[in-house]
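Visitor: I have a new chain on my screen. Can you walk me through it?

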Amino acid sequence: MALVDSHIIALIPNLGTGELVIIFFIILLLFGAKRLPDLFRSFGKSLGEFKRATRDIETDFRDAMDSAESTPTPQQSAPKKPQGTEAHNGSSKVS
């Protein structure tokens with residue numbers, strides 16, 4: 001959970017306690033005290049769904065990379081000699 005918090009904070013640099021209090025009061029004025037719990041609950045659910053989807057995509061990507069690495073690559077075969085060309089030692093026997 002600490003990793004996620006640091007990523008969220010990294011998206012909004014130099015955001016201090018005073019700024020957060022001001023943002024909270026603006027949200028309180030816009031939505032009212034009765035709707036704030038529902039607002040934050042829905043925000044938490046959507047954030048959780050986003051994390052789940054991100055994790056699923058990352059798992060699929062890693063599985064695809066692992067299967068690509070485990071698939072054997074075709075070995076390069078040595079060049080074949082054409083048939084009929086045999087090594088001659090310089091002496092031929094004629095009968």
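Visitor: How do the elements of the chain run from the N terminus on?

Guide: They run α-α-α. Keep in mind that this is a predicted model.

Visitor: And how many helices and strands is that?

Guide: There are three helices and zero strands.

Visitor: What share of the residues count as buried?

Guide: Of the 95 residues, 1% count as buried. The cut-off for buried is under 20% relative accessible area.

Visitor: Let's take helix 2. How many residues does helix 2 have, and how far does it reach?

Guide: Helix 2 covers residues 17-31. It has 15 residues and reaches 21 Å from its first C-alpha to its last. That is close to the 21 Å expected at 1.5 Å a residue.

Visitor: What follows helix 2?

Guide: Gly 32 follows it. The phi of Gly 32 is positive, near 85°.

Visitor: Which residues form the nonpolar patch on the surface?

Guide: Val 21, Phe 24, Phe 25 and Phe 40. Together they have about 370 Å² of accessible area.

Visitor: Which helix gives the largest share of that patch?

Guide: Helix 2, with three residues. Phe 25 is one of the residues that lie in helix 2.

Visitor: Why does Phe 25 count as partly exposed?

Guide: Because its relative accessibility is 46%. Partly exposed falls between the 20% cut-off for buried and the 50% cut-off for exposed.

Visitor: Switching to charges. How many salt bridges does a search of the whole structure find?

Guide: Three. Asp 38 pairs with Arg 41, Glu 49 with Arg 52, and Glu 58 with Arg 62.

Visitor: Start with Asp 38 and Arg 41. What is the N to O distance?

Guide: It is 2.7 Å. The two residues are three apart in helix 3, so about one helical turn separates them. Asp 38 is partly exposed at 47% relative accessibility. Arg 41 is partly exposed too, at 46%.

Visitor: Why does a spacing of three or four places matter for direction?

Guide: An α-helix has 3.6 residues a turn, so residues three or four places apart point the same way.

Visitor: OK, next pair. How far apart are the closest N and O atoms of Glu 49 and Arg 52?

Guide: They are 2.7 Å apart. Glu 49 and Arg 52 are three residues apart in helix 3, which means about one helical turn between them. Glu 49 is partly exposed, with 45% relative accessibility. Arg 52 is partly exposed at 42%.

Visitor: And the Glu 58 and Arg 62 pair, how many residues apart are they in helix 3?

Guide: Four, so again they are separated by about one helical turn. Their side chains meet at 2.8 Å, N to O.

Visitor: Is Arg 62 buried or exposed?

Guide: Arg 62 is exposed, because its relative accessible area is 51% and the cut-off for exposed is over 50%. Glu 58 has 39%, so it counts as partly exposed.

Visitor: Last topic. Which residues form the negative surface patch?

Guide: Asp 56, Asp 60, Asp 63, Asp 66 and Glu 69.

Visitor: Where does Asp 66 lie?

Guide: In helix 3, which covers residues 36-70. Asp 66 is partly exposed, with a relative accessible area of 46%.

Conventions. Residues numbered from 1 in each chain as written. Predicted model: local features only at pLDDT ≥ 70, side-chain atom pairs only at ≥ 80, totals over all residues. Heavy atoms only, no water. Patch = residues over 30% accessible without salt bridge, like charges linked within 9 Å, V, L, I, M, F, W, Y side chains within 5 Å. Areas by Shrake-Rupley, 256 points an atom, 1.4 Å probe, with all protein chains shown as cover. Salt bridge = Lys/Arg side-chain N within 4 Å of Asp/Glu carboxyl O. Buried < 20%, exposed > 50% of the residue type's maximum accessible area, 1.4 Å probe, protein only. Lys, Arg positive; Asp, Glu negative; His and termini not counted. Charge placed at Lys NZ, Arg CZ, Asp CG, Glu CD. Expected span 1.5 Å × (residues − 1).
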